[in-house]
Amino acid sequence: MAEFLQFLISGLTVGAVYALVALGFTLIYNASGVVNFAQGEFVMLGGMVTVFAAAAGVPLPLAAVIAICAAIAIGLLLHRFAIEPARGASAVTLIIITIGASILLRGLAAIVFDKQFHKLPAFTGDTPVDMLGAAVQPQSFWVLGGTAVVVLALYIFLEHTLLGKAVLATAANRLAARLVGINTTTIMALAFGGSAAIGAIAGILVTPITLTSYDVGTLLALKGFAAAMLGGMGNPVGAVVGGMLLGLLEAFGAGYISSTYKDAFAFLVILIVLFAAPQGLFGRRAVERV
Amino acid sequence: MRALVNQRFITLAVLAVVIAILPLIFPSSYYFRVASLVWVSALAAIGLNILMGQAGQVSLGHAAFFGIGAYAVAIGPTHLGIPPWVAILIGALLSAVLAYLVGRPILRLKGHYLAIATLGLGVLVALVITTESRWTGGPDGMPVERLSLFGWRVSGSYTWYWVTGGLLLIGTWIALNLDETPTGRAFRALHDSEVAAQVVGLDVARFKLQAFVIAAVYASVAGSALAFMNGFINPDQAGFLHSVELVTIVVIGGLGSVVGSIVGAAVLVTLPQALTVFQEYEHLLLGLIIIVAMIFMRNGIVPSLSALVFRRARS
């Protein structure tokens, strides 16, 4: 039981990070139709900027705010100078652009920061909490709580503010949204900024547990994309559930079956799910117009 | 029809001349090595382009087949005593069988779902290669025995330049011809509209599968060539980043353009070599060049440039 609980908590913690990355994917995908492979780089920026700001003597909360602002700035720049000029290009062209952006951001981080691994101190100490026999790092609660806050905030924003409804309208039908007077370019910029902020928050929350370096983004983008697809692309609820599922699969697979094949379980399950449900778990069946 | 044949012939002839002339201006064996890398990458990219550019299906895990080809020629002779040249065929056969078996269910998926499924396949193959270190040497990789054909030991960057150049010519020839066969036209129909292709009676699933298997075999042969050439192989060749590199070559060169894949490979293989001069700015510049190239030549280098030339010629 203690072992099971241990795997459960570690799975949920990792899953929360995947969920945030997947949420970032979904936000940008819904607003612009772009699959942003530079999403993992926002997570990296969140962690790295916080580490270096903190090392420069900035108090941790302020360093985190700086990191989030930096990520938002990069997200807006990405939209303005890489996505916006290529408007109307094919989906695969846009994907290559975001891959180029992720290589660029990684190179930039290696120059501005360095190529070492870095750690942040846990927000509230390193003493594990005993939960029914399972030793839980206090930072896990920060990750889970932070994720819950982000998800809730995003939900309230999308469902209960005018701007949020404009985002949903843009996602549903860009042309119709523009016809009722929504500035879809602003909405897209907003999605890139918001998505960058969510990624950065994930990076800040998880760095005390997993460390960070200039190249952590690739694997996270891959897992986040997988989580988003598992849940059904474009569905925020699916993204969160998909992320959590992916984290749990990895933790239980590694714990009970084989730790070297940890990453294999996640992708094996994704393949099986897609065979059975080609639109992901929560995806709507798309009707193709001929 | 005659014009088409000529155009194909001209493309092949130009490629052959380029391969033959380049050695005259190469100052050192380093250049032969880089050029051989370009030919190998171009070969894999041409195959992937048949899947992506002609049949319109994306694969984000194509390095898996590259890795299978590479490890077949590493493991076969070392562990099983299979002659190296037979190992190339076994690698290609394994890739084809895997592509056939997995392609059946995977190719039902569309767009981003197909992308994640092929990506998953790539990750799984790379993981198996990294983990089964008893056979593959694990993350450190393993040495590859030299290729010998009928007593001729193929080694040295000069020799490999000609071997890979020859392979590229054959690959280009097949791809150009394929484009003009009923199968090639079926691929194009799929690309334009799957529904329309189905309505006119094409077996959509079968043609998608064919394109996937052809692309897998191309990648596998390219992988085998690279493994022999380097005399060493590691799991990075089967990894996600290599898959992304192959897709980038195809898209930057131009989807559906055979020449484009060769140009794309030339750009993406030589660029990092040229950029090493800038040391730590290498990745920054590489990313920047990819973004700028895709914004200003969104259909790829070759189609964009030839459209420009045509417009000039007409006005």
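The largest nonpolar core in this predicted model has 199 residues, and those with the most contacts inside it are A:Ala226 and B:Leu43. A nonpolar core here is a set of buried Ala, Val, Leu, Ile, Met, Phe, Trp, Tyr and Cys residues joined through C-beta atoms within 7 Å. A residue is buried if 20 or more other C-beta atoms lie within 10 Å of its own, exposed if 12 or fewer, and partly exposed in between, with C-beta atoms placed from the backbone. At least three residues of this core come from each of domain 1 (34-125 + 139-215) and domain 2 (235-280) of chain A; the domain bounds come from an automatic or database domain assignment. The C-alpha centres of these two domains of chain A lie 23 Å apart.

Residues are numbered from 1 along each chain as its sequence is written, and chains are lettered from A in the order in which they are written. Local features need pLDDT of at least 70 and side-chain atom pairs count only at pLDDT 80 or more, while totals for chains, interfaces and linings use all residues.

Between the chains, 37 residues of chain A are in contact with 31 residues of chain B (C-beta atoms, placed from the backbone, within 7 Å). On the chain A side, helix H4 (91-112) gives the most, with 14 residues. Helices are DSSP runs of H or I of at least four residues, strands are runs of E of at least two, and both are numbered from the N terminus.

A:Leu132 has a positive phi, near 50°, and is found in the loop between strand S1 (129-131) and strand S2 (134-136) of chain A. A:Leu132 is exposed, with 10 other C-beta atoms within 10 Å.

Technical notes: Two residues are in contact if their C-beta atoms, placed from the backbone, lie within 7 Å.
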